[in-house]
Amino acid sequence: MERLRLRRVRQHLARPRIEDVPFEIAGRMARLSGRVRPGMSIAVTAGSRGITGIPLILRTVVNALRDLGAEPFIVSAMGSHGGGTTPGQERVLHHLGISEESVDAPFQITSTAVEVGTTGSGRTLFVDAEAAKAEGIFVVNRIKPHTAFRESLASGLLKMLSVGLGKVPGATQVHKHGSSGLYSGVLEIGLLALKKLPVLGGLAIVENSVEETARLEVLLPEEMEERERELLRYSWELLPRLPLETLDLLIVEEMGKNFSGTGMDSNVIGRWKDMDIKGPITPEIKRIVVLRLAEASEGNANGIGMADFTTRKLVESIDWKATLTNVQTTGFWGRTFCPPFPGSDREAIQWALESLQQHQDAPLIAARIRNTLHMEELWLNEPASSAAKNCENLGELQPLKFNEEGDLLPGE
């Protein structure tokens, strides 16, 4: 462990930021004027991602729709997350701070999906049964790169329509053709949803590299595809990344669905597992150790298979039913293969170091991060710190510190 003396550093990341999110949303929701009828029932989607300020965002959307004369309500749009069950989806929303009180709107949560139409290639459009009864649907989601494919459309409004609102059958259908079929499924089914469903529009959210709201746009159905592609390019520019292209060891303190659909964002760690991604993938990391599963992940440890070592504490916190429901839907089984797990954080890190089989005098390039979403501050050892780009040192090199049980203590 002596070689793992790390110092805290801060990355200089792009941080465009909207100061008054409710004011911005309220102004942009005016685009729906004339499209909303008095007394119109409108389903507003709530997903499972940890979007910053999502309760306030949803509340502002609800109030804006109500000001236009509508009667909005909340539906869950999270595919198979929450174990694909109604109670599981409600728990996920509550973990995110989304409740009837916090968003000022009634919930109509169901795990049932109904068939609405079929695409030219034979794919079925499934939609949340409660949303299907509404006179209008308003989609709310973040635009960001996907963790299973790289195309000009990724996670966003069309994916919410095709996968999130599709519940387990919709999500399973889109994922069953592997990563190469995800893009075509999201696009084809999403566009059919815009034709078949009473979609009024959607709120597209782009976050900066420190998870602050960077851009908000209300997109109308006829412009959704083109504008979403443009916003995805902007999101790529803001994606937080490690400041190195190669690492011997990466310690990830916490993983979970609240940070990324794969627990650890594949775009950050450079690992895809079961994907047919073409071209160079960076960064190149020899060993990844992940220590804990976030409580907000509801036991879903999808992505654990992208680590090389983990801890007994993490494995014992896994809800395998929720995890396997998720992976059965996606079909990316390798992402849930469980890595070796000794008893403590200290042992997991030690095993990872020993597995490198490096000579004691060989330079070790190592980093420690909280998770793959919060990347502005991290810890690097001397070789990593010397090679890192656009980083400011915030402290002196210090050894890793553990409690009596071998749990890693917070970094200083």
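Buried means under 20% relative accessible area, exposed means over 50%, and partly exposed is whatever falls in between (1.4 Å probe, protein chains only). What you are looking at is a predicted model, where local features need pLDDT of at least 70, side-chain atom pairs count only at pLDDT 80 or more, and totals for chains, interfaces and linings use all residues. Residues are numbered from 1 along each chain as its sequence is written, and side-chain values use heavy atoms, with hydrogens and water left out.

**View 1. Asp104 and Arg66 pair up in a salt bridge.** A salt bridge here is a side-chain nitrogen of Lys or Arg within 4 Å of a carboxyl oxygen of Asp or Glu. For Asp104 and Arg66, the N to O distance is 3.1 Å. The two sit 38 residues apart, in distant parts of the chain: Asp104 is in the loop between helix H4 (100-103) and strand S4 (113-118), while Arg66 belongs to helix H2 (residues 54-67). Helices (H or I, at least four residues) and strands (E, at least two) are DSSP runs, numbered from the N terminus. Asp104 is partly exposed at 33% relative accessible area, and Arg66 is also partly exposed, at 32%.

View 2. Arg15 is partly exposed, with a relative accessible area of 41%.

**View 3. Arg227 meets Glu217 in a salt bridge.** The N to O distance is 2.6 Å. Arg227 comes from helix H9 (residues 224-238) and Glu217 from strand S8 (residues 213-219), 10 residues apart. Buried or exposed, what is Glu217? Glu217 is buried, at 13% relative accessible area, whereas Arg227 counts as partly exposed at 21%.

**View 4. Five strands make an open, mixed sheet.** Their order is S3-S2-S6-S7-S8, and two strands count as paired if DSSP finds at least two bridges between them. Strand S3 (71-76) and S8 are the edges, each pairing on one side only. On average, neighbouring strands are turned by 20 degrees against each other, direction ignored. Axes are lines fitted to C-alpha atoms (for helices, over the stretch in contact), and angles run from 0 to 180 degrees between N-to-C directions.

**View 5. Strands S6 and S7 run parallel, with helix H6 packed on the sheet.** Strand S6 (residues 136-142) and strand S7 (residues 199-207) share six bridges; Asn141 has Ala204 in S7 as its bridge partner. Helix H6 (residues 157-164) touches strand S2 (41-46), S3, S6, S7 and S8, where contact means heavy atoms within 4.5 Å. The direction of H6 makes about 115 degrees with that of S6.

**View 6. Two cysteines, Cys338 and Cys391, are both partly exposed.** Cys338 has a relative accessible area of 35%, and Cys391 comes in at 24%. How many disulfides does the structure hold? Zero, with a disulfide taken as a pair of cysteine sulfur atoms within 2.5 Å.
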